[in-house]
Amino acid sequence: MTAVAEHTISSAVQGFLNGPKKLYIGGEFVDAASGQTFATYNPADGQKLADVAHGQAEDIDRAVRAARTAFEDGPWSRMKANERERMIWRVGDILCARAEEFGQLEALDNGKSVAIATAVDVAWAADVFRYYAGWATKIEGSTVNVSMPFSPGGEFHAYTLREAIGVCGLIVPWNFPLLMSSWKLAPALAAGNTVILKPAEQTPLTALLLAEVFEEAGFPPGVVNIVPGFGDAGAALSGHDDVDKVAFTGSTEVGKKIVDAAKGNLKKVTLELGGKSPNIVFADADFDSAVEGSLNAWLFNHGQCCVAGTRLYVEDTIFEKFTEAVAHAASQVKIGPGLDPTTQLGPLVSQEQFDKVTGYLREGIADGARALTGGNRWGDQGYFVEPTVFVDVKPEFSIVQEEIFGPVVAALPFNADDGPITAANDSIYGLAAGIWTRDISKAHRTAKRLKAGSVWINQYNGFDTAMPFGGYKQSGWGRELGASAIDLYTQTKAVNIAL
C-alpha cells in the first residue's frame with residue numbers, strides 16, 4: 001500500500017513537494033545557515049516526501065532579529081488595528097481557497113484522513129484566523145477612578161493600556177500541525193506581536209506552505225518567520241534573550257524543559273501539555289450516543305490527541321455490554337492511508353511513535369490486560385496500529401497512567417455508590433473529561449468536581465474557537481482560544497496622570 005500511488009494528489013501539492021523547502025525569515029525563503037536539510041516522511045508507507053531546510057540556533061537567531069526589527073522599526077507596530085484585522089482575515093480567506101492543497105499536504109505529512117484534514121483542520125484554522133482578526137480592533141484598556149490616599153486634594157486621570165508583548169516564539173506539535181499553528185499565530189498577530197513559528201520536525205510542510213499565505217496576504221517582512229528544525233531549534237528559541245514570550249504545545253516532559261530554558265530573561269510562557277483524560281459513562285446515558293461518542297473520544301486523529309478520552313470509566317451495571325459495543329464499533333473502523341477519502345483511522349505519525357504505542361500494547365498485555373479488540377500492528381508497511389480496547393486493567397497499569405498517544409483505550413468499571421470522581425482525578429494531568437448521562441443534575445455535579453480544563457457533557461471533543469482551552473495540573477499553563485488567548489499575547493500598562 002503506497003498512499004501517493006493509490007490516490008491522486010493535486011498538481012499544486014506535487015509542485016510544492018518537488019520544490020525547495022526553505023526557511024522563511026524576514027520575508028524571504030532562505031537556506032539554513034548550515035546548508036543542511038532533513039527528510040520528512042509519509043507515515044502511510046514510510047517513503048520520503050521531501051527534504052526540508054534544517055533550522056538550528058543560528059537560524060533562530062536570524063529569525064529573532066528579523067522579528068525584533070519588524071516589531072520595533074517596521075510598519076507592523078504603526079499599523080492601525082483595522083489594517084491588521086483585514087490582513088489576518090485575508091489569511092482565513094486564502095486558507096479556504098487553498099483548502100484542498102493544505103488538506104492533502106497535511107494528510108501526506110501527518111497521516112490523517114484527507115477528508116478530516118480538509119473539513120476540520122483547514123476549515124477550523126481559517127475560522128481561527130477570522131475570529132482573531134475581529135479581536136484586533138477590540139483590544140481595550142480601561143479608565144480607573146483612583147483615590148490616591150497619599151495625595152489628598154489632587155486630581156488624577158488614570159487608565160490602562162493593553163499592549164503587544166513583542167517577539168513571540170511559537171512551538172507547535174505534529175498531531176495538528178496547521179491547526180495548532182493557527183491557535184498561536186492568529187491571537188499573537190491580532191495583538192500586534194511579531195512571531196517565529198517552529199513546527200515539529202515530523203510535520204513541517206503545511207507550516208512552510210503557510211508562509212506563502214502570509215506573503216499573499218501582504219504581511220510585512222519579519223512579522224512572521226518560520227523555522228523548521230529539531231529540539232535544539234526549539235531550545236534556542238525558548239532560551240533566546242530577545243524573545244519576550246514562548247508558547248508551546250507538546251508533551252509535559254518537553255514543557256518542563258521549555259520553562260527551564262525560558263528562565264534566563266523570565267520571558268512569559270504558555271504551555272498546553274499532555275493529558276490522560278477520563279471519559280465517564282453512567283448507566284442512565286443514551287447508550288448508542290455514548291458508544292459513538294466514546295469511540296470518537298479515543299480514536300479521533302488516530303488517538304494522537306492530547307485530550308483523548310483514553311481512560312473509559314463505565315458504571316458497572318452496563319460495563320460488559322458497553323465495552324463490547326465500543327470494541328465492536330472499533331473493529332469496524334476502516335484503516336488506511338490518509339489520502340484515501342474513506343479512511344477513518346490512518347497511521348501514526350512516525351516510526352518512533354509506532355514503536356512507542358506498540359510498546360504500550362505489549363506492556364499492557366504483559367501486565368494482565370485483555371484486549372477486546374486490536375492489540376497489534378495493522379498491515380505490513382507504514383505505521384498502522386489496530387484500535388485497541390483493553391479491559392481487566394488496574395489503575396496502576398502504565399496503559400492507565402501514562403499518555404500513549406495512539407488508538408488505545410483502557411476501560412474500568414465504577415459503582416454508583418463510590419462514583420467515578422476519585423479514579424477520574426487520579427492523574428498528574430487535567431486537560432479534559434467527558435460525561436455521559438441523562439441526569440442534568442448529575443452532569444453538573446460531576447463536572448464541578450472533575451479537575452480538568454474542559455468538560456464535555458454528552459459529547460466529546462466539544463471544541464469551539466470562542467471557548468477557552470487549557471489544562472489543570474501538569475497539563476499546562478494558560479488558556480488558548482476565546483478571549484483568553486488575547487490575554488496570553490498582551491500585557492497591561494497602568495498610566496496615572498496628575499492634573
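Me: In this predicted model, does Asn461 count as buried or exposed?
Reply: The relative accessibility of Asn461 is 16%. The cut-off for buried is under 20%, so Asn461 counts as buried.

Me: Where is Asn461 placed?
Reply: Asn461 has a positive phi of about 60 degrees although it is not a glycine. Its place is in the loop between strand 19 and strand 20.

Me: What is the phi of Asn458, and which loop holds Asn458?
Reply: Asn458 lies in the loop between strand 19 (454-457) and strand 20 (472-473). Asn458 is not a glycine, yet its phi is positive, at about 55 degrees.

Me: How does Asn458 count by accessibility?
Reply: The relative accessibility of Asn458 is 41%. Buried means under 20% and exposed means over 50%, so Asn458 counts as partly exposed.

Me: Is Thr388 buried or exposed?
Reply: Thr388 is in strand 15, residues 388-391. Its relative accessibility is 0%, and under 20% is the cut-off for buried. Thr388 therefore counts as buried.

Me: Which backbone nitrogen does the side chain of Thr388 reach?
Reply: Not counting residues up to four places away in sequence, Thr388 touches residues including Trp298, Leu361, Gly374, Gly375 and Val408. At 2.7 Å, the side chain of Thr388 reaches the backbone nitrogen of Gly375.

Me: What is the relative accessible area of Phe405?
Reply: Phe405 lies in the loop between helix 14 (398-401) and strand 16 (408-414). Phe405 is buried, and its relative accessible area is 15%.

Me: How many residues apart in sequence are Phe405 and Ala308?
Reply: Leaving aside neighbours within four places in sequence, Phe405 is in contact with Trp174, Gly303, Cys305, Cys306 and Leu348, among others. From C-alpha to C-alpha, Phe405 and Ala308 are 8.0 Å apart in space. In sequence they are apart by 97 residues.

Me: Why is helix 4 described as oblique to helix 8?
Reply: The axes of helix 4 (residues 81-97) and helix 8 (residues 205-217) come within 9 Å and cross at roughly 130 degrees. Angles of 65 to 115 degrees count as roughly perpendicular and those over 145 as roughly antiparallel, so helix 4 is oblique to helix 8.

Me: How many nonpolar residues does the contact of helix 4 with helix 8 have?
Reply: The crossing of helix 4 and helix 8 is right-handed. In helix 4, Met87, Arg90, Val91, Ile94 and Leu95 meet Leu210, Val213, Phe214, Glu216 and Ala217 in helix 8. By class, this contact has no polar residues, 2 charged and, as nonpolar, 8.

Me: How does helix 5 lie to helix 6?
Reply: Helix 5 (residues 99-110) packs with helix 6 (residues 114-135) at an angle of about 120 degrees, and their axes are 8 Å apart. The range for roughly perpendicular is 65 to 115 degrees, and roughly antiparallel is over 145. Helix 5 is therefore, relative to helix 6, oblique.

Me: How many polar residues are in the contact of helix 5 with helix 6?
Reply: Ala99, Phe102, Gly103, Gln104, Glu106 and Ala107 in helix 5 meet Val114, Ala117, Thr118, Asp121 and Val122 in helix 6. The residues of this contact divide into 6 nonpolar and 2 charged, with the polar ones numbering 3.

Me: What is the handedness of the crossing of helix 5 and helix 6?
Reply: The two axes are 8 Å apart, at an angle of about 120 degrees. The crossing of helix 5 and helix 6 is right-handed.

Terms used: Residues are numbered from 1 along each chain as its sequence is written. This is a predicted model: local features need pLDDT of at least 70, side-chain atom pairs count only at pLDDT 80 or more; totals for chains, interfaces and linings use all residues. Side-chain values use heavy atoms; hydrogens and water are left out. Axes are lines fitted to C-alpha atoms, for helices over the stretch in contact, and angles run from 0 to 180 degrees between N-to-C directions. Helices (H or I, at least four residues) and strands (E, at least two) are DSSP runs, numbered from the N terminus. Angles under 35 degrees count as roughly parallel, over 145 as roughly antiparallel, 65 to 115 as roughly perpendicular and the rest as oblique. A crossing is left-handed if the near helix is turned anticlockwise from the far one by less than a right angle, and right-handed if clockwise. Contact means heavy atoms within 4.5 Å. Ala, Val, Leu, Ile, Met, Phe, Trp, Tyr, Cys and Pro count as nonpolar, Asp, Glu, Lys and Arg as charged, and the others, Gly among them, as polar. Buried means under 20% relative accessible area, exposed over 50%, partly exposed in between (1.4 Å probe, protein chains only). A polar contact is a pair of N or O atoms within 3.5 Å; within protein, one must be able to donate a hydrogen and the other to accept it, and residues adjacent in sequence count only if both atoms are side-chain atoms.
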